[in-house]
Amino acid sequence: MNRLKTLTTLLLCTIALQVFSQKKKSDIDIDKLIKQMSIEEKAGQMTQIDLGIVCVGDICVLKNPQTLDINKLTTAIAKYHIGSILNVGCGSGTISLPNWQKIIETLDQTNKKLSAHQVPILYGIDAIHGANYTMGATLFPQEIGQAATWNTSLVKRANEITAYETRASGIPWNFSPVLDLGRQPLWSRFFETYGEDVYLAKSMTKAAINGMQGNDVGSPYKVAACMKHFLGYSVPLSGKDRTPVWISDRELREYFLPTFQTAINEGARTVMINSGELNGSPVHANYDILTKLLRDELGFKGVAVTDWEDIYKLVNTHHVAATKKEAVRMAIMAGIDMSMTPNDYEFTELLVQLVKEGTIPESRLDLSVKRILQLKKDLGLFDQMKYPSTLYPQFGSKENAEVSYQLASESITLLKNKNNTLPLQNEKVLVCGPGANSINYLNGAWTHTWQGVDARYNTPNKLTIIQALEKYKKDNIVYAEGSTIDSLTNIEECMAKAKSVDKIIICLTELPSAEIPGNIDDLSLPLAQENLVKQLQTLNKPIILVMCFNRPRIIKNIIDKSDAIVYAYLPSDEGGRAITDILYGNTNPSGKLPFTYPANVNDFDHYDRKAADEQSNVGTANGYNPAFEFGQGLSYTTFEYSNFTISNSKLNDFDSVFVKVTVKNTGTRTGKEVVQLYYKDLVASITPSSKKLTGFQKINLAAGQSQEVTFVVLKSDLSFINKELNRVTEKGEFELFIQNNKQLIYVN
Ligand code: BGC
């Protein structure tokens, strides 16, 4: 029976795929089409509206389920010729697969009826950690956790599944990945980044873009990626979202540009612009960044979309334009192709006026419309807008959930494990803390809703930490909440139960949030949770902290008396299971921090610090003294490094150095290790970093097994941006090192 079912599914899938590919024959002539389009139609193509404004009900009022309002849709298409729609409706939540199909089909049919040239509507969505706006889709750990796996194959696979499940929803464009570097831990979107390091983030970027787009973005299983947010969004001086950022041109190129350059090299089709201001200039109006840098220098050929309402924000927030009309002129002339308007049509009307009165040349519109139509063509939208369920038998499948579980398992980072407190065996354990019994706190923002706090849409049967623990070892587990995120609750009950157990697991967390709602004033752990830990620590029993956070919250007051610390980032729907398996040793932890974990609220250190960062006037202490280092993460086994060799100690332009090291699993269980190669430029014209990552490999070793790992280092791998803003590798000595093994090389 099962075989029959599989065969039938396979057959249906093949037939559907054939229908899809037979129809994929569009040889539409874009230049010809543009010549036939009116100014109004071109301005419409450059407009992106929110789904909410074409749905029944008021703008930004929860719609559930979302239903298209044909009158509003008629206005959008017949009057404004809109080219793109996004999201689920401001204020609303996730949509079922059948409802997505209905929405996309209705849009298409209405568009075919009403639009003169029948240019398909391009739908875009924030599928940030899986197709998070489609009910029952597979959700993955947030980007920061993905980076902590240091496993690019898994990250690529997660992006393939995200693309598959997003297309299954009828949506061919994903506003992901976030390529901003996570170098400001206060920032509310820290969890959306691949962490603080350029090399690691570039590796993840490559995996994400390839996974999402593949070789043929027009495939019914692929989507166009959107690298965001260009450029310099992630390090606001105040730590608060969309507040001013100051980055020198040199640092911009050293730290913040490379991920975008990587994505462009990998063929990323679209880019979203940084909503904020950089060095006093809002990026949406910055010709130097949007045209000279992005297009002329980096060679980006795709579509540049604004962030939410950002053209209007040139007037309302940034005060660089006196009127919306002036703002539209500034943004379009700076290089914007599409405006995420998204709640009215003023942009569209103003753009038409500006062209008609000669302020913006029509040829400028042609340039953007050409990019937009090319994207639609390459996505296959002129041929096919139907995505039958039969094409997607793996949507939300067990197999896909397993990939999410693997990612979560490989991300979870064991930061401390005094006296082998973990793994647990048959001890009696108290589980408490606000993170213990919530799926939302495992997932974070961008989960079924923008802020991710609405539990109504959660996928059924996913296990919270306590549910997963009880499923695994019911008889050994007792539970008491002890504290919500910010106030102690049943603390007496919690203390009483703690007295009868051998070990205590405290699940710490913060409220899911993103963007401005996620702003905080400092990185301290919410006081109630600190107090919960402190009270339980008075019992002198082994304390295990399990931490799911948007960003590293300071634990200096509780760290010493905690015996084990399991940092889980935002591990998502399979996080409860993955954490349980780590706690009980069914999985050997292998995650490594993709950022420097600060010890104090004022420490904004990075691992690639300068020597001057290490100075201190407090005794002889090192000024750089984080709670946990970038790249750190313990295992239940031990690894020994030996035979560190380099092939040659001189490096010329056309040479390479082979760096070898043997890694041995010297413990008693199988384990994964991330072998990390760093270098240090001993003397340079720009103060060199004490340490820079230039290679890593994740390997799996059985107990007693050894493996030789080889890295190839080229001269260009040791480069930096000099004062003249050129990428150079200067002559001189460099140290190459893996753990404590070091060798000097001389670069000519
Ligand atoms: C965010 C973007 C997101 C967009 C669309 C904005 O507020 O900054 O990252 O893609 O909304 O939802």
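Guide: Let's start with a crossing: α8 and α10 cross in a right-handed way. Keep in mind as we go that this is a predicted model. To find the pair, look for α8 at residues 198-213 and α10 at residues 258-265; their axes come within 9 Å of each other and cross at roughly 25°. Angles under 35 degrees count as roughly parallel, so α8 is roughly parallel to α10.

On the α8 side you'll find V198, A201, K202, T205, K206 and I209, and they meet P258, T259, T262 and A263 of α10. Sort that contact by class and you get five nonpolar residues, three polar ones and two charged ones.

For a contrast, slide along to another pair. Helix α13 covers residues 324-334 and helix α14 covers residues 346-356, and their axes also come within 9 Å, but here the crossing is at roughly 75°. Anything from 65 to 115 degrees counts as roughly perpendicular, and α13 and α14 are therefore roughly perpendicular to each other. From α13, the residues in contact are K324, K325, V328, R329 and I332; from α14, they are E346, F347, L350, L351, Q353 and L354. By class, this contact of α13 with α14 holds six nonpolar, one polar and four charged residues.

Searching the whole structure turns up four cavities of 30 Å³ or more, and the largest cavity holds about 160 Å³ of space. Its lining takes in 15 residues, and T687, P688, S689, K692 and F720 are the ones nearest its centre. Both α9 (249-256) and β20 (671-681) give at least two residues each to that lining.

Last stop: K473, which belongs to helix α18 (residues 465-473). Leaving out residues up to four places away in sequence, K473 touches Q425, N426 and Y584. Compare that with F191, which sits 282 residues from K473 in sequence and 31 Å from K473 in space, C-alpha to C-alpha.

Note on methods: Residues numbered from 1 in each chain as written. Predicted model: local features only at pLDDT ≥ 70, side-chain atom pairs only at ≥ 80, totals over all residues. Heavy atoms only, no water. Axes fitted to C-alpha atoms, helices over the stretch in contact; angles between N-to-C directions. Helix = DSSP H or I, 4+ residues; strand = E, 2+ residues; numbered from the N terminus. Parallel < 35°, antiparallel > 145°, perpendicular 65-115°, else oblique. Left-handed = near helix turned anticlockwise from the far one by under 90°. Contact = heavy atoms within 4.5 Å. Nonpolar A, V, L, I, M, F, W, Y, C, P; charged D, E, K, R; others polar. 1 Å grid on protein atoms, 1.4 Å probe; cavity = no way out; pocket = protein on both sides within 12 Å on 5 of 7 lines; lining within 4 Å. Points joined across faces, edges and corners; volume = space filled by probe spheres on them.
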